[in-house]
Amino acid sequence: MQTRSAVSSNLTLTGRVARQSAETSFQHESAEDRTIKISVEQLNFYYGRSRALHDITLAIPAKRITAFIGPSGCGKSTLLRSINRMNDIIPGIRVDGHIKLDGEDIYAPGTDVVTLRSRIGMVFQKSNPFPRSIFDNVAYGLRVNNLARSRTEMRDRVEESLKQAALWNEVKDRLKESALALSGGQQQRLCIARALAVRPDVVLMDEPASALDPIATQKIEELIGELKEHYTIVIVTHNMQQAARVSERTAFFWLGKLIEVSETEKMFTNPGEKLTEDYITGRFG
Ligand code: ADP
């Protein structure tokens, strides 16, 4: 059996995914950049009889930031939530096609969804800390998954995660205080720390700053930029300026279809599709 890293290193665009025309702009990047972390292949998603995603094929590169943009209701969150199977709990949904993480189909029978979600963490629009201490919020995933062998290791990993989430300096003297006493922006960074504590490969972010003030938003955006060194990030945003500021690749969706995916700079300066141009220039919203 191939190891995870062997599978992943085989998944460059020199393989099957290279032939997808939407991904041709990868050809100018280094081999390392071209590693595909998540490969969505001919994905259709249904809520009951209503089809929310139409035949989506999209390669998400490792350790880069990919933004999903498009008008409300175009399927961005549905696709994001499909990547760690968060939609599974909704009655009547149906998924056709494949989503592969390091080449392994996450919808294959026998997939352990708990393990999957520890590899693919999620941060939501509204921060959702538990009504417990700052420390316990970050330690939660470590305890549930039994990931720390000692109290020292637990403390070290909580500290490491809070540092990565750019929150450590603000909370290091008050780890036992309730998480609910933090400001909105701090609560969101705490939720990011909680997601990072289990050392995922991928972090999915669904409008992570849309409920925050401009200063807190700026901090989250800076943080996202720093996190890509270690994580593959996918961010849904309704805010095109935010997509342009934080992401390196952008995928534009419309009515459940993927219209265009390219380097963010190209998308916002020289989009390939008229529909994309109309959207980013504000002709519809
Ligand atoms: P976006 O994130 O781009 O705003 P969504 O993925 O939330 O779009 O929604 C895509 C489509 O799926 C919309 O038509 C929406 O009404 C529908 N939808 C989303 N969630 C559900 C649900 N739980 N049940 C039924 N339909 C849903």
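Q: What makes strand S4 and S5 a pair in this predicted model?
A: Two strands pair if at least two bridges are found between them. In S5, aspartate 105 is the bridge partner of lysine 100.

Q: Why are strand S2 and strand S5 called edge strands?
A: The open sheet has four strands in the order S2-S1-S4-S5, with antiparallel pairing. Strand S2 (50-61) and strand S5 (104-105) each pair on one side only.

Q: Why is H4 described as roughly parallel to H7?
A: Helix H4 (residues 134-144) and helix H7 (residues 184-197) pack at an angle of about 30°, and their axes are 7 Å apart. Angles under 35 degrees count as roughly parallel; therefore H4 is roughly parallel to H7. The crossing of H4 past H7 is right-handed.

Q: How do you know which residues surround the ligand?
A: A residue counts if its C-beta atom, placed from the backbone, lies within 6 Å. The ligand is surrounded by Tyr47, Ala52, Gly70, Ser72, Gly73, Cys74, Gly75, Lys76, Ser77, Thr78 and Ile90. Helix H2 (residues 76-83) supplies the largest share of this shell, three residues. By class, the shell has four nonpolar, six polar and one charged residues.

Technical notes: Residues are numbered from 1 along each chain as its sequence is written. This is a predicted model: local features need pLDDT of at least 70, side-chain atom pairs count only at pLDDT 80 or more; totals for chains, interfaces and linings use all residues. Helices (H or I, at least four residues) and strands (E, at least two) are DSSP runs, numbered from the N terminus. Ala, Val, Leu, Ile, Met, Phe, Trp, Tyr, Cys and Pro count as nonpolar, Asp, Glu, Lys and Arg as charged, and the others, Gly among them, as polar. Axes are lines fitted to C-alpha atoms, for helices over the stretch in contact, and angles run from 0 to 180 degrees between N-to-C directions. Angles under 35 degrees count as roughly parallel, over 145 as roughly antiparallel, 65 to 115 as roughly perpendicular and the rest as oblique. A crossing is left-handed if the near helix is turned anticlockwise from the far one by less than a right angle, and right-handed if clockwise.
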